Amino acid sequence: MSAWAARESVPRRDIVVLLPFAQLLPLARAAFACTGGWQPRIETTRTLAATLGPAAAAQPRELCFDTAADRLTASRLLRSQGPGATWARQDPRRFERVVATVVQLAQDLAHAAFTLPPTAREAHWEAARALLSPASGPGTLQRWLARVALEWAAQCGAPATDRLFEARPAGWVVLQAGGADALAEAVLAAAAPQRPCLVVDADASLASPPSAAQIPSLARCDGFEDEAQCAAAQVLLHLERGQTPVALIGQDRQLLRRVRALLERQQVPLADETGWALSTTRAAAQVMALLRAAPPRAGTDALFDWLKSLPPWPGFAESSALVRELERLCRRRAIARIEHLQPIALEGELASFRSAVIATLEGLRAGRLNVGEWLDRLREALQVCGGWDALAADEAGQAVLQSLRWSPGASTGAAWQDAARHATLTLEGFTAWVDAVLEGASFTPGDAGAGEARVIITPLARAMLRPFAALVCPGADDRHLGAAAPAHPLLSEAEQVALGLGGRADRRQREALAFAHALTLPQVCFLRRHVDASGEPLADSPLLLRLSLVLAEQRRGLHIWQDPRERRRLDAKPLDRPRPTAADRLPGRISASAVQALRDCPYRFFSRHVLGLREDDELEVELEKRDYGTWLHAVLLRFHATRDAPAATETEAARMHEVARAQRVEMGLAEDEFLPFAASFARFVPRYLAWLHERDAAGARWQAGERDCRTRPQELGGIELQGVIDRIDRVDHGEALQLIDYKTVAPDKLKRQLAEPLEDTQLAIYAALLAPESTLPLRACYLPLDHGDSLTPLAHDQVQQTAEVLLRELGAEFDRLRAGAPLPALGEGETCEYCEARGLCRRDHWPDGTAS
């Protein structure tokens, strides 16, 4: 450039040099400083436009390139015409996707038009209108949406970059890397007749293969974690050799997060130029957790997700302890929805805390409000719960405040004010809008010590022309590097090219140029894994495959990566089956389930009933068969407890349905979620009443239900036996008692169990519980409630004898355990398949499944 300036007799201080991206600015300025004399003005098109004056403020309903405001305006535009209002009402999720697509296309169209001189822009819009003229047949809807985006983009005011066409430097110089810059080319074309212009093409040649010393290495890794570790090891190797700075390419952001975590463990100074979605930060998650807990029918899982994300609640010194106590209460009472938590009687500080939480959530419950009103309510809720101060004190939290217009420096121009005032949303719509805003915003942390960073995380296109000593590129597979771009949802490939958006060929060319630049660095390593997280196979990047073909023509190939990780030889230490002892730690009370656990696997009994371990389930889950069974047990108890005498089938069927509805409401089961089980119950009622009336005719009478029985058999040495018997009937005209256990499972397993009477535990335990208080003969059966065309009891014909044998053998077993006999893990049969203690006994780590 200096030689060109001297030849053209242009003073360097009056020349403007335009660079392709901002990371090159300090490098170019330092390079010119080394030449001495006056320096030219070195800028990018964006930085130069910013110094020439601010952009005109967007007016109401104009495209303002602020995603938060533009999404609201686009939603308003689409609702006001065509099928938009119908979509918004019938399919809100699809409507939101359409809004996002229209906003993106409008912004892209406007940016493409801004690369043209202002005098050529009107003709460009007319040509675009002709290209996207209304059509009939397939694609009519897509064409209409594209026209909406086009007309919206055409109404934009003049951008700040228009001042570049008015600038009058003594000369223009454009440094080209990664392909031509359309705006810079247009500026030079407008200035060329009057002023000297120079284009310095610094792009690497795609046709020339790298030299022998610059052939990259390729690592093919076993999986996600292996690829992350290999990438981190390669970076550390470069640092150890003094090959700095190192470019760590951000092709796969999820993988790169893991690599960054591994490097930070080694205290490697990093600078991240890529950032990540603001929605993935803890600060954004805290805001979203509050919004997801706000709906009236929100679950208690959402409630505790929010409460656990908060700092101490103002006014409650031990708020974390109160949250834990509230969670224990919900688990103990199986409270799945926040609305069912409010009526429960609480005392003291816990009651006050519950009231504060509910009041905060109720402040976010309204019909339809405009976005400004919703933001005011959300801010008040965050201030009440202590979340506001936490956001203000956090770097990512400050970005959240900025994105949601709560920060003093946030954009609050006329376009935003108009959009926020006129966009009315439900709570669900507002939550979706906030989520989209946080998802669309990028967060780049201020890395401590970034000035001394020896590793720079950057996109491949931003590594060009920078003095990196080495480049490490994980994610070099066919889905992340050189992959085909997805089809545009509204435009064809030809339409994209005609509108200046660039087609697939243009994107492939630019990525190939960035790849070629990377190959000019001294040390380059690409890494990729064999399969993705779903098990789908991955291949080498198309760019690497093309390079391999070029090298193969010269009888060369990519270097095979040498793993720098140190390998240590460890002596094998096989794990034996655990054989704990209980001795004096045996439980003082057992139930049928505890006895069954002891019979299935002694170690399961140890973990559940000696150690007292439990696996916490999600509080808010979809209704399961188990919930239906619990409800059905309660319905039958309520029905029989209020049944005086047999009545007509129609009358009793109506009563059963009435009791069922009352029980569902009392248990807080949502009607919509309960529909499949309600259908099962409707089929169950006539079958149950037919069986019941048959028993009535045979002289059977309901005696008790859900009977809680306790006894201390002499055989168990002081251990209490406890259980709840579903139903007790008097049969044989009052001469015997029959224990009935309701079941909502398939009867096949029960039949196999009863075929060997001593294999049954539950009915035998129930008989042992009832025997001390009854002089009548005992009978027992299982009653499958939800299978077959009729109810068929499965009788246990030897239940009293089985109970005696079970107590005797169980007592002997407890004597052995008190004497120190072990409780080994068996590791056999289907018991292991769903055992929650499998990780504790390390079943999957036994060498051969046998105890030593």
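Visitor: Where does Arg143 lie?

Guide: Arg143 lies in helix α8, which covers residues 140-154. Residues are numbered from 1 along each chain as its sequence is written, and the model is predicted, with local features needing pLDDT of at least 70, side-chain atom pairs counting only at pLDDT 80 or more, and totals for chains, interfaces and linings using all residues. Side-chain values use heavy atoms, with hydrogens and water left out. Helices (H or I, at least four residues) and strands (E, at least two) are DSSP runs, numbered from the N terminus.

Arg143 has a relative accessible area of 18% and is buried (under 20%; exposed is over 50%, partly exposed in between, with a 1.4 Å probe and protein chains only). Its side chain makes a polar contact of 2.8 Å with the side chain of Glu495. A polar contact is a pair of N or O atoms within 3.5 Å; within protein, one must be able to donate a hydrogen and the other to accept it, and residues adjacent in sequence count only if both atoms are side-chain atoms.

Charged pairs come next. The structure holds 46 salt bridges (a side-chain nitrogen of Lys or Arg within 4 Å of a carboxyl oxygen of Asp or Glu). One of them joins the side chains of Asp226 and Arg565, at 3.2 Å from N to O. Asp226 belongs to helix α10 (residues 224-240) and Arg565 to the loop between β15 (559-560) and β16 (589-590), so this pair ties together parts that are 339 residues apart in sequence. Arg565 is partly exposed, at 27% relative accessible area.

Arg710 has two such partners to consider. With Asp708 it forms a salt bridge of 3.5 Å, N to O; Arg710 is partly exposed at 40%, and Asp708 is partly exposed at 43% relative accessibility. The side chain of Glu720 also meets that of Arg710 in a salt bridge, at 3.8 Å, N to O. This second pair links distant parts of the chain, ten residues apart, with Glu720 in strand β18 (residues 720-731) and Arg710 in strand β17 (residues 701-711). Glu720 counts as buried, with 12% relative accessibility. Elsewhere, salt bridges that share partners join Glu122, Glu126, Arg129, Arg147 and Glu151 into one network.

Now the sheet. Seven strands form an open sheet with parallel pairing, in the order β7-β12-β6-β13-β14-β5-β15. β7 (270-272) and β15 stand at the edges with a single partner strand each, so one side of each has no neighbour in the sheet. Two strands pair if DSSP finds at least two bridges between them. β7 and strand β12 (residues 455-458) run parallel and are joined by three bridges, and Leu270 stands opposite Val455 in β12.

Strand β5 (residues 217-221) has four of its five residues buried, so the rest of the structure largely encloses this strand. Five bridges pair β5 in the parallel sense with strand β14 (residues 523-529), where Arg220 stands opposite Arg528. The pairing of β5 with β15 is also parallel, over two bridges, and there Ser217 stands opposite His559.

Cys221, within the residue range of β5, is buried at 2% relative accessible area. Its sulfur is 4.0 Å from the closest cysteine sulfur, in Cys230, which is too far for a bond. The structure holds zero disulfides (pairs of cysteine sulfur atoms within 2.5 Å). Cys64 is likewise in no disulfide, the nearest cysteine sulfur being that of Cys156, 8.7 Å away. Cys64 is partly exposed, with 23% relative accessibility.

Last, the surface. Leu611, Leu613 and Leu840 make a nonpolar patch of about 250 Å². Patches consist of residues with over 30% relative accessible area and no salt bridge, like charges being joined within 9 Å and nonpolar side chains (Val, Leu, Ile, Met, Phe, Trp, Tyr) within 5 Å. Accessible areas come from the Shrake-Rupley method with a 1.4 Å probe, and for residues only the protein chains shown count as cover. Leu613 sits in the loop between α25 (602-610) and α26 (625-641), and at 42% relative accessibility Leu613 is partly exposed.
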